[in-house]
Amino acid sequence: MSLFAQIEAMGHQQVAFFSDPALGLKSIIAIHDTTLGPALGGVRFWPYTSEAEALTDVLRLSRGMTYKAAISGLNLGGGKSVILGDPLTLKSEVVMRRFGQFVDILGGRYITAEDMGVSVRDMEYVRVETRHVTGLPEEMGGSGDPSPVTAYGVYLGMKAAWKKVTGTDSLQGVKVLVQGLGKVGMALVELLHKEGAILYATDLSAEQLALAQREYKVQPIPPDDWLSQPVDIFSPCARGGVLSSETISQLRCAVVAGSANNQLAQEDQDSVRLAEQGILYAPDFLINAGGLINVYTELEGYSRSRALARTEYIYDMTLRVFAAAEQRGITPHQAAMLLAEERIRAIAALRIHTAAPTLSLPIA
Ligand code: NAD
């Protein structure tokens, strides 16, 4: 597929390529859609095996951000950027500041944030060159680690899913298996423990498992045995692609609700497989949007309580998505995508209508 064909196929508005040969810096910034607001998405510093791979990644990730922002009710578009190279050898103050200049050239159409291969310190360098950056550490007046807010959103999405299945959203006595006890998984387990859920967890790290066992009465499950554990709710909070043709048929749960990005190995097919198996799937890009809501709140002057209050929207929206899926005879994943697209179309139409009076003004 040609470069332009690839960009057009995914509906991107703008893709900017930047290079600084003296620094060995190559970066791509993809702006998918700015109908709702400036395109926001992190910068990923990654040793891609080819330029084509980097382009595919930045196009796919920026498009995903459009849907996440739209379904979350945020006035943000979708964007993402990548820096091609090994962060261990290529990354430096100068490289990150030059990247900040690239971001600045776009004049606020794209707002950057931290992603894989990039640290808080790196974002401080980016901030020197541009104000179009969010997700800064608390010491710099930013919102800090978004994980607790992400976990809160996942918890609310999980409660909404449980309400859909049983009529009650109380998770007391409900068996929940959390895969991945990292920053989000551990915060989620804390919330679930407070509510009286019966907790199981799996992680590659024995220390994380021991900590969760001690603090939150979690029953540890070896990483290879999670599929055979019968529970009410499975919560993937480790990595993407965990819901596939191989795993779905073996799942023994009524609900899947977790934080991991891109849980469905094949979006449409696997969301249908889950539905056919009678498993209610809470779309990942909806219920894990707390982190995005958190950095959005930072753009207005951060308040943790406002970020948490805004995250409560996820509960109602998850119920709305389930209702739309039922009404339209589609999966919750498909319904969430459709509702996101409908919101973008409705706001785009609003712009057209507001533009009309200006056009009809008499020429002075
Ligand atoms: P993290 O790196 O802090 O934690 C991931 C945990 O998963 C680690 O403890 C790791 O040992 C464990 N793990 C990795 N592979 C595993 C496996 N095969 N089996 C069991 N455990 C495994 O990451 P995080 O910030 O907690 O994020 C978790 C997921 O949620 C990621 O997919 C991330 O992209 C997504 N997410 C995070 C946020 C956020 O605010 N941090 C926001 C949106 C989405």
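Is E93 buried, partly exposed or exposed? With a relative accessible area of 38%, E93 is partly exposed; buried denotes under 20% relative accessible area, exposed over 50%, and partly exposed the range in between (1.4 Å probe, protein chains only).

The model is predicted: local features require pLDDT of at least 70 and side-chain atom pairs pLDDT 80 or more, whereas totals for chains, interfaces and linings use all residues. Residues are numbered from 1 along each chain as its sequence is written, and side-chain values use heavy atoms, with hydrogens and water left out.

**Stop 1**

Helices (H or I, at least four residues) and strands (E, at least two) are DSSP runs, numbered from the N terminus.

**Stop 2: K91 and D122**

Select K91 and D122 next. The closest N and O atoms of this salt bridge are 2.6 Å apart. K91 sits in the loop between α3 (87-90) and α4 (93-105) and D122 in helix α5 (residues 120-129), so the bridge ties together parts that are 31 residues apart in sequence. K91 is partly exposed at 26% relative accessibility, while D122 is buried at 6%.

**Stop 3: R328 and E342**

Move to R328 and E342, which are joined by a salt bridge whose closest N and O atoms are 2.7 Å apart. This pair links distant parts of the chain, with R328 in helix α14 (residues 313-328) and E342 in helix α15 (residues 332-359), 14 residues apart. Both partners are partly exposed: R328 at 38% relative accessibility and E342 at 29%.

To see a network, select R44, D57, R60, K80 and D115, which are joined by salt bridges that share partners. The count of salt bridges comes to 17.

**Stop 4: the ligand**

Display the ligand and the 19 residues around it, of which T150, K183, V184, D203 and S259 come nearest; a residue belongs here if one of its heavy atoms lies within 4 Å of the molecule. The shell comprises seven nonpolar, nine polar and three charged residues. In this grouping Ala, Val, Leu, Ile, Met, Phe, Trp, Tyr, Cys and Pro are nonpolar, Asp, Glu, Lys and Arg charged, and the others, Gly among them, polar.

A polar backbone atom of K183 is 3.0 Å from a ligand oxygen atom, and a backbone N or O atom of V184 lies 2.8 Å from an oxygen atom of the ligand. The protein covers 73% of the 840 Å² of accessible area that the ligand has on its own (Shrake-Rupley method, 1.4 Å probe; for residues, only the protein chains shown count as cover). Helices α6 (147-166) and α7 (183-195) are the elements that give two or more residues to this shell.

Definitions and conventions
A salt bridge is a side-chain nitrogen of Lys or Arg within 4 Å of a carboxyl oxygen of Asp or Glu. A polar contact is a pair of N or O atoms within 3.5 Å; within protein, one must be able to donate a hydrogen and the other to accept it, and residues adjacent in sequence count only if both atoms are side-chain atoms.
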